[in-house]
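Colleague: I've got a few questions about the aromatic rings in this one. Could we go through them together?

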Amino acid sequence: MEADRLETASPNPRQRHPVSWLKFCRDTALLAYQSLGVVYGDLSTSPLYVYKSTFVGNLHHSQSEEAILGVLSLIFWTITLIPLLKYVFILLSADDNGEGGTFALYSLLCRHARVGLLPNQQAADEELSAYKYGHSSHGVRMSQLKTFLEKHTKLRTALLLVVLFGACMVIGDGVLVPAISVLSSMSGLQVRAKNLYDGEVVILACVLLVGLFALQHYGTQKVAFMFAPIVILWLLSIGSIGIYNIIVWNPRVYRALSPYYVYKFFEITGKDGWTSLGGVLLCITGTEAMFADLGHFTPVSIRVAFIGVIYPCLVLQYMGQAAFLSKNLSNIPTSFYNSIPKPVFWPVFVIATLAAIVASQAVISATFSIIKQCHALGCFPRVKIVHTSSWIRGQIYIPEVNWILMVLCIAVTVGFQDTTLIGNAFGIAFMSVIFVTTWLMAIVIIFIWQKRIILAFAFLLFFGSIESFYLSATVMKVPQGGWVPIVLSGVFMLVMYTWHYGTRKKYLFDLQNKVSMKWILDLGPSLGIARVPGIGLIYSELVTGVPAIFSHFVTNLPAFHRVLIFVCIKSVPVPYVSDEERYLVGRIGPKEYRMYRCIVRYGYKDVQKDSDDFEDRLIISIAEFIRMEADDSQSSSYESTYDGRMAVVGTQARSSLSLVPYEQDEAMQSTSSKPPTLQSLQSLHGRESPQPNKRVRFELPEGHMDLTVKDELMDLIEAKDAGVAYVMGHSKIKARKRSSFFKKLAIDIGYSFLRKNCRGPSVALNIPHISLIEVGMIYYV
């Protein structure tokens with residue numbers, strides 16, 4: 001899928017060969033077909049509950065043909081203005097290297113205006129191929145706004161909180177969408193089975209939800225090929241039923257497409273009509289997926305799918321329901337299922353149930369993705385992230401989050417037992433997300449697109465006023481179920497910000513207490529201790545300097561490894577980092593110290609796979625850096641990527657490396673040079689954790705080589721053969737005694753609790769436990 005996406009990303013396909021143009025059209029059609037099952041599941045199932053959720057409360061007494069046509073007019077113009085005009089024609093153009101969503105917009109702002117709160121940005125990050133966006137020139141006013149935003153920490157904190165608020169509401173959607181979709185589809189049974197009670201419908205819905213969440217660990221790709229056909233069948237069904245109802249019940253229903261009927265509706269209903277907007281807006285729930293799921297498709301394919309299939313089918317269905325209800329006002333609570341012709345009721349019911357499952361699956365997957373992005377931003381505790389697809393990048397599964405979502409979803413279904421109440425909660429969550437997107441997009445228009453402020457203000461005023469109108473109506477539904485997403489988002493925001501706050505304080509402590517280079521140079525090449533054979537990988541979050549755990553280790557133990565590599569796993573504000581740009585390597589101290597730094601960079605949508613060859617890749621990167629450093633005077637490419645004492649090293653071009661890996665039978669390895677005690681320990685380890693018989697070793701390539709480079713590479717090879725140890729800080733974070741009460745509450749209770757109950761850093765980084773050395777420290781922040 002990703003290959004198709006990249007191939008269809010040519011900016012001017014019409015200028016290419018006719019065969020290429022045909023291929024572009026074919027690939028776009030294929031991606032548009034696939035997007036129907038991934039992007040539009042939630043949006044396409046909204047006809048199940050919109051009319052029922054609209055005509056509740058006081059509006060129940062205003063049921064008339066004029067009110068039905070007024071609601072239809074509101075639905076039509078809502079779908080036209082927000083999904084079609086705002087998202088299809090505007091927001092899809094604001095992608096971040098093909099990625100969309102609130103985090104994509106925030107990533108663009110972090111790169112352009114440095115609004116991130118974690119001070120780990122480097123000049124070398126700006127050289128990433130995915131970093132550039134648009135023009136780099138700025139006007140005077142633009143520079144002033146940028147400087148103003150960068151100087152005020154409170155503004156940057158407020159921006160982060162807005163993004164986290166939108167992310168938490170997306171997580172709320174992950175709880176509410178499965179509940180309302182499955183319960184709405186199951187309620188159709190009561191249309192034909194009159195003796196079926198509400199409690200029995202709820203039980204059936206809960207069983208279906210448990211099965212849905214239980215299958216998540218298999219990954220979306222196992223059943224993804226069925227999604228698009230199901231949604232297409234569903235759309236064709238509702239579109240055909242809509243046409244049938246228009247012809248049979250009220251052919252003149254098309255008059256409601258005039259905005260005059262919106263005015264007429266509010267004239268008749270007054271304040272009750274305004275409060276009913278909380279039900280009307282459910283017709284566009286799922287719209288955010290068009291932008292958030294952009295990474296798997298192209299803007300053209302999503303536009304084609306929406307304009308060619310989704311928009312007309314939804315409009316026809318809502319018109320058909322309105323035509324049916326205009327002559328059958330008593331059927332509003334079950335308007336969709338009652339409007340289905342009897343001969344096709346059961347097939348449509350089955351398709352509706354399957355479509356509800358597809359909609360739920362898409363939102364659950366989006367929840368996993370948004371939590372992964374929060375984790376990459378440093379705003380979510382470490383959780384287990386499983387990459388479920390080897391050919392679709394970005395499909396993940398998070399076990400802990402999956403079961404939490406299941407429990408919350410069943411609790412909402414059992415607690416409310418009514419799609420109207422769940423719809424009230426869903427409306428608040430959805431409107432909050434698109435309202436946050438509108439504000440972020442207005443900032444992007446100024447800083448990224450570099451348009452005039454008046455244009456951004458016009459965008460914000462037009463769409464913001466419409467969404468504020470709907471949002472104000474949903475606020476009135478807070479006592480009737482609307483409190484659920486507010487409580488959920490409050491809890492998740494508290495967790496996210498507490499984790500981010502503690503992480504930032506810990507990083508600042510490391511930054512302020514890092515070891516000075518003068519202290520290291522005074523120790524000499526031996527560091528004042530015995531240097532034993534082997535490689536020590538010292539993990540740190542610092543991108544510059546030597547962490548305090550190193551000095552703590554050196555002053556308490558009499559020996560350290562011959563080769564030291566300070567490893568930093570770092571997230572950068574781009575969606576993906578290619579393997580050729582992933583490793584940033586440099587030297588610490590003079591050559592004879594044999595100390596290096598390696599920064600491993602990941603994008604916010606990258607998944608850190610459990611790679612068995614991480615050590616080998618690291619050694620290859622260090623060796624390539626040694627060679628590049630020796631060829632510095634002849635290599636212009638090295639100078640262009642050199643950042644102080646750091647250089648970008650590609651791990652894919654292994655033919656240019658100074659080390660050549662080869663496979664050797666473990667039984668044939670010579671162990672005569674190793675002490676008997678070490679041999680016995682290694683054999684014991686081999687019995688406890690069996691490994692493949694093939695191992696990767698290194699040797700120097702043949703040919704002339706500088707003597708200094710050869711000696712350094714030989715030291716690296718011998719150290720790798722001696723073994724690799726992982727050194728990591730085992731820190732305890734405490735607030736200073738003079739800290740405020742809220743800081744002590746956040747650090748000593750909140751952050752400490754989260755650290756104790758989340759995955760440890762060694763487990764998250766897939767570090768072998770038998771090779772791990774932990775250095776205990778107390779951080780007073």
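Colleague: Which residue lies over the face of Tyr131?

Modeller: Keep in mind that this is a predicted model. For a charge to sit over a ring, the CZ of an Arg has to be within 6 Å of the ring centre. Here the distance is 5.4 Å, and the residue over Tyr131 is Arg111.

Colleague: OK, on to ring pairs. How many aromatic pairs does the count come to?

Modeller: Two rings pair if their centres lie within 6.5 Å. By this rule the count is 31.

Colleague: Take Phe550 and Phe560: is that pair stacked, edge-to-face or tilted?

Modeller: The centres are 5.5 Å apart, with 40° between the planes. Stacked needs under 30 degrees and edge-to-face over 60, so what's left is the rest. That makes Phe550 and Phe560 tilted.

Colleague: Which elements does the Phe550 and Phe560 pair link?

Modeller: The two residues are 10 apart in the chain. Phe550 is buried at 1% relative accessibility, and Phe560 is buried too, at 2%. Phe550 belongs to helix H24 (residues 548-556), and Phe560 to strand S4 (residues 559-571), so the elements are helix H24 and strand S4.

Colleague: And what kind of pair do Phe550 and Phe566 form?

Modeller: Phe566 lies in strand S4, so its pair with Phe550 in helix H24 ties together parts 16 residues apart in sequence. Phe566 counts as buried, at 2% relative accessibility. The ring centres are 5.4 Å apart and the planes are at 70°, so the pair is edge-to-face.

Definitions and conventions: Residues numbered from 1 in each chain as written. Predicted model: local features only at pLDDT ≥ 70, side-chain atom pairs only at ≥ 80, totals over all residues. Heavy atoms only, no water. Phe/Tyr/Trp six-rings, centres within 6.5 Å; stacked < 30°, edge-to-face > 60°. Helix = DSSP H or I, 4+ residues; strand = E, 2+ residues; numbered from the N terminus. Buried < 20%, exposed > 50% of the residue type's maximum accessible area, 1.4 Å probe, protein only. Lys NZ or Arg CZ within 6 Å of the ring centre and 35° of its normal.
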